[in-house]
Amino acid sequence: MSVEEKWKANQEKVVFMKRFPGLTGVWEQTRGKAIETVVPLPSKPDAAVLVFTDGSFAVAPPLAPEPWELGEGLKVARPALEPKQPQAYQEYDRLVRKDKDALKAARLEKILGAIQNNLEQIPELKDRIKELVKSWK
């Protein structure tokens with residue numbers, strides 16, 4: 001078998017795999033389906049094949065989302081999850097507020113530190129700050 005024949009055979013196999021009966025291509029296709037079994041991939045144990053009771057399946061990536069993905073997921077799934085996990089969302093909301101408050105305090109400290117560190121090098125800074133504060137009244 002030539003290299004070209006091998007390449008064509010592989011391409012034919014890949015095309016068939018991507019059209020394999022029951023393969024779900026988007027998560028919306030799994031809506032309402034019940035998982036029958038979860039089979040870890042031997043080469044990547046944190047990924048798995050989800051086999052649904054209707055014979056369809058999905059190959060799922062590792063369940064190790066980044067924090068931003070978790071936050072976005074909790075936000076978009078809130079209408080469906082919060083009725084089932086109300087205490088968890090109360091705690092999540094508390095921690096989100098705490099994080100925002102900490103960010104605000106850190107920014108304030110950074111700004112004040114920058115002002116203090118630059119007063120000697122930029123004497124007009126003090127006057128500009130006074131003018132700015134007066135403009136807020």
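**Charges, sheet and rings**

Let's begin at arginine 78, which is partly exposed, with a relative accessibility of 24%. Before I go on, keep in mind that this is a predicted model.

So what does arginine 78 form a salt bridge with? The partner is glutamate 82, and the closest N and O atoms are 3.0 Å apart. Glutamate 82 is partly exposed as well, at 30% relative accessible area.

How many salt bridges does a search of the whole structure find? It comes back with 5. Let me show you two others.

Go to helix α1, residues 3-18, where you'll find both glutamate 4 and lysine 8. They sit 4 residues apart, about one turn of the helix, and their side chains meet in a salt bridge at 3.3 Å, N to O. Glutamate 4 counts as exposed because its relative accessibility is 53%, and the cut-off for exposed is over 50%. Lysine 8, at 48%, counts as partly exposed.

Then there's lysine 33 with aspartate 54, a salt bridge whose closest N and O atoms are 3.0 Å apart. Where do these two lie? Lysine 33 is in the loop between α1 and β1, aspartate 54 is in the loop between β2 and β3, and so the pair ties together parts that are 21 residues apart in sequence. Lysine 33 itself is partly exposed, with 29% relative accessibility.

We have 3 strands here in an open sheet, ordered β1-β2-β3, and the pairing is antiparallel. Why is one side of β1 and of β3 left without a neighbour in the sheet? Because β1 (35-41) and β3 (57-60) stand at the edges, and each has a single partner strand. From one strand to the next, the twist averages 20 degrees.

If you zoom in on β2, residues 44-52, you'll see that 4 bridges join this strand to β3, and the two run antiparallel.

Which residues form one aromatic cluster? They are Phe16, Phe20 and Phe57. Across the whole structure, the search turns up 3 aromatic pairs. One of them is phenylalanine 16 with phenylalanine 20, edge-to-face, with 5.6 Å centre to centre and 75 degrees between the planes.

Another edge-to-face pair is tyrosine 89 and tyrosine 92, at 6.4 Å centre to centre and 85 degrees between the planes. Both are in helix α4, residues 86-118, and because they are 3 residues apart there, about one helical turn separates them.

Now, buried or exposed: where does tyrosine 89 fall? Tyrosine 89 is buried, with a relative accessible area of 3%, because buried means under 20%. Tyrosine 92, by contrast, is partly exposed, at 28%.

That's my tour; over to you for questions.

Key: Residues are numbered from 1 along each chain as its sequence is written. This is a predicted model: local features need pLDDT of at least 70, side-chain atom pairs count only at pLDDT 80 or more; totals for chains, interfaces and linings use all residues. Side-chain values use heavy atoms; hydrogens and water are left out. Two strands pair if DSSP finds at least two bridges between them. Axes are lines fitted to C-alpha atoms, for helices over the stretch in contact, and angles run from 0 to 180 degrees between N-to-C directions. Rings of Phe, Tyr and Trp (its six-membered ring) pair if their centres lie within 6.5 Å; planes under 30 degrees apart count as stacked, over 60 as edge-to-face and the rest as tilted. Buried means under 20% relative accessible area, exposed over 50%, partly exposed in between (1.4 Å probe, protein chains only). A salt bridge is a side-chain nitrogen of Lys or Arg within 4 Å of a carboxyl oxygen of Asp or Glu.
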